[in-house]
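Please keep the sequence and the structure in view while reading.

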Amino acid sequence: MFPKPKKKKKRKKHKASILHCKDGTCYLCMKLNHNYRKHQEIQEHHVFPGKPGRQISEAEGFKVYLCLEHHLDGPEAVHNNQANMRLIQKDCQRKYEETHTREEFRSLMGRNYL
């Protein structure tokens, strides 16, 4: 009925996290409590929220893996605790600036977190 499009949709590339590998450990458990145990379930958290921030985080590898207590539930969860959210954002900016400049980060994200 309708002709099929000639081109396929371009797939977005998803980089691996620049801060943390997906090995079952929680980034904040390791950072705050020095707890390196493996969790049964971890969730991917994009460091910078919102639609443009999430897309940039996915493209640049600005993501960490968190347990449920540090991601969604509890008082230390990044979605409930602004201090923990800023801690991850500062760590991410420091790691990015090891290979890039601060001006590149500011042009990418629109602000400086350090």
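A salt bridge is taken here as a side-chain nitrogen of Lys or Arg within 4 Å of a carboxyl oxygen of Asp or Glu. The model is a predicted one.

## Salt bridges around D91

The structure contains six salt bridges. Among them is the pair D91 and R94, whose closest N and O atoms are 3.2 Å apart. Both residues belong to helix α4, where they are three residues apart, about one turn of the helix. D91 is buried, at a relative accessible area of 9%, whereas R94 is partly exposed at 45%.

D91 also meets the side chain of K31 in a salt bridge, with an N to O distance of 3.3 Å. D91 lies in helix α4 (residues 82–96) and K31 in helix α1, so this pair ties together parts that are 60 residues apart in sequence. K31 is partly exposed, with a relative accessibility of 37%.

Where does E97 lie? The residue is in the loop between α4 and α5. E97 is buried, with a relative accessible area of 18%; the cut-off for buried is under 20%.

Two polar partners can be listed for the E97 side chain. R102 forms a salt bridge with E97, and the closest N and O atoms of that pair are 3.0 Å apart. R102 is partly exposed, at a relative accessible area of 36%. The side chain of Q93 makes a polar contact with the side chain of E97 at 2.8 Å. Not counting residues up to four places away in sequence, E97 touches R102, F105 and L114.

## The nonpolar core

In soluble globular proteins, nonpolar side chains tend to be buried together. In this model the largest nonpolar core has 18 residues. Which residues have the most contacts inside it? They are Y27, L28, F48, F62, L66, I88 and F105. The elements giving two or more residues to this core are α1, β2 (63–66), α4 and α5 (102–109).

With its neighbours within four places in sequence left aside, F48 is in contact with G53, R54, S57, F62, Q89, C92, F105, M109 and Y113. F62 and F105 are also among the residues with the most contacts inside the core.

## Cysteines

A disulfide is a covalent bond between the sulfur atoms of two cysteines. The cut-off applied to the pair of sulfur atoms is 2.5 Å. By this rule the count is zero disulfides. C21 is in no disulfide, and the nearest cysteine sulfur, that of C26, is 13 Å away. C21 is partly exposed, with a relative accessible area of 48%.

C29 is buried, at a relative accessible area of 5%.

A16 sits in the segment before α1 (27–33). Is A16 buried or exposed? A16 counts as exposed, at 62% relative accessibility. When neighbours within four places in sequence are left aside, A16 is in contact with G61 and K63. A16 and N35 are 19 residues apart in sequence, and their C-alpha atoms are 23 Å apart in space.

H34 is found in the loop between α1 and β1 (43–46). The phi angle of H34 is near 55°, a positive value in a residue other than glycine. H34 counts as exposed, with a relative accessibility of 60%.

Technical notes
Residues numbered from 1 in each chain as written. Predicted model: local features only at pLDDT ≥ 70, side-chain atom pairs only at ≥ 80, totals over all residues. Heavy atoms only, no water. Buried < 20%, exposed > 50% of the residue type's maximum accessible area, 1.4 Å probe, protein only. Helix = DSSP H or I, 4+ residues; strand = E, 2+ residues; numbered from the N terminus. Contact = heavy atoms within 4.5 Å. Core = buried A, V, L, I, M, F, W, Y, C linked by side-chain atoms within 4.5 Å. Polar contact = N/O pair within 3.5 Å; in protein donor to acceptor, adjacent residues only side chain to side chain.
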